[in-house]
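The following note sets out some remarks on the structure shown below. Please read the points with the coordinates open.

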Amino acid sequence: MVKKNACIFISGAGSNLNNLISRSRDYTFPINIKLVISNNSRAKGLNYAKKNLIPYKIINTHSRDFEYKLLKDLKRYNIAIICLAGYMKILSKNFINKFDKKIINIHPSLLPKFKGLNTYLRILKEKEKKTGCTVHYVDDRLDNGKIILKKFFYINSKDNEMNLKNKTQRLEYSAFPEAIIKLFRNN
Ligand code: GRF
């Protein structure tokens, strides 16, 4: 199988990045990770790129021509898919249109419920019966694009923010790779 080149965008811990790196070692997994982008130079997740010798770049989203430079890099690495894995910035419409390949994101709720930040606390406050994660295409609105897949579990009365996060992230580690497989199987 000919694998596609992927770029993962992060801002923080990078546990999804780490998971995708280990999944991509399997020759049947449809992507290889060729580039990691972070808007945060102190993101812990950058260590996974370093450890696995994956090129990475810190992008300064305040600079005027950062999108132009980014598009050039994506072209240089022949990137067919961008996976946002805890990337805390919204991509502009201009960038999304110009890239014109797949861009997907993983969000820790059952979209369209609970878009945005502080998801776990809001889910608990609303006394939801179930929660989970969603993988979706990215458009220029927050957590908004077409849904690729969701996975859920039932919330237990003893769940707090911490274990809701743990349970959700455990699901993410199967949902993100599954969504990627689904995308390339259908294309
Ligand atoms: C994930 O839970 C994802 O749903 C959200 O940000 C978190 C990133 O975690 N968008 P990590 O950096 O992959 O550990």
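**Notes on the predicted model**

1. The buried residues of helix 1 pack against strand 1, strand 2, helix 2 (46-51), strand 4, strand 5 (102-107) and helix 6 (161-185). Helix 1 itself spans residues 15-24, and its buried residues are Asn16, Leu17, Asn19, Leu20, Ile21 and Ser24. It should be kept in mind throughout that the model is predicted.

2. An N or O atom in the side chain of Glu172 lies 2.4 Å from an oxygen atom of the ligand. For Ser15, a polar side-chain atom is found 2.5 Å from a ligand oxygen atom. Pro108 contributes through its backbone: a polar atom there is 3.4 Å from an oxygen atom of the ligand. The ligand taken alone exposes 370 Å², and the protein buries 85% of that area.

3. Helix 3 covers residues 66-76, and its buried residues are Phe66, Glu67, Leu70, Leu71, Asp73 and Leu74. These residues lie on the same side of helix 3, because they cover an arc of only 160 degrees around the axis. Tyr68, Lys72, Lys75 and Arg76 are exposed on the other side of the helix.

4. What do the buried residues of helix 3 pack against? Their partners are strand 1 (4-10), strand 2 (31-38), strand 3 (56-58), strand 4 (79-84) and helix 4 (93-99). Strand 1, strand 2 and strand 4 are also among the elements against which the buried residues of helix 1 pack. Just after helix 3, Asn78 adopts a positive phi of about 50 degrees.

5. Lys182 belongs to helix 6. Is this residue buried, partly exposed or exposed? Lys182 is partly exposed, because its relative accessible area is 32%, a value between the limits of 20% and 50% that separate buried from exposed residues.

6. With its neighbours within four places in sequence left aside, Lys182 is in contact with Ile148 and Leu149. The side chain of Lys182 comes to 2.7 Å from the backbone oxygen of Ile148. Ile155, by comparison, is 27 residues from Lys182 in sequence and 27 Å from Lys182 in space, taken from C-alpha to C-alpha.

How values were computed: Residues numbered from 1 in each chain as written. Predicted model: local features only at pLDDT ≥ 70, side-chain atom pairs only at ≥ 80, totals over all residues. Heavy atoms only, no water. Buried < 20%, exposed > 50% of the residue type's maximum accessible area, 1.4 Å probe, protein only. Helix = DSSP H or I, 4+ residues; strand = E, 2+ residues; numbered from the N terminus. Arc of directions from axis to C-beta. Contact = heavy atoms within 4.5 Å. Polar contact = N/O pair within 3.5 Å; in protein donor to acceptor, adjacent residues only side chain to side chain. Areas by Shrake-Rupley, 256 points an atom, 1.4 Å probe, with all protein chains shown as cover.
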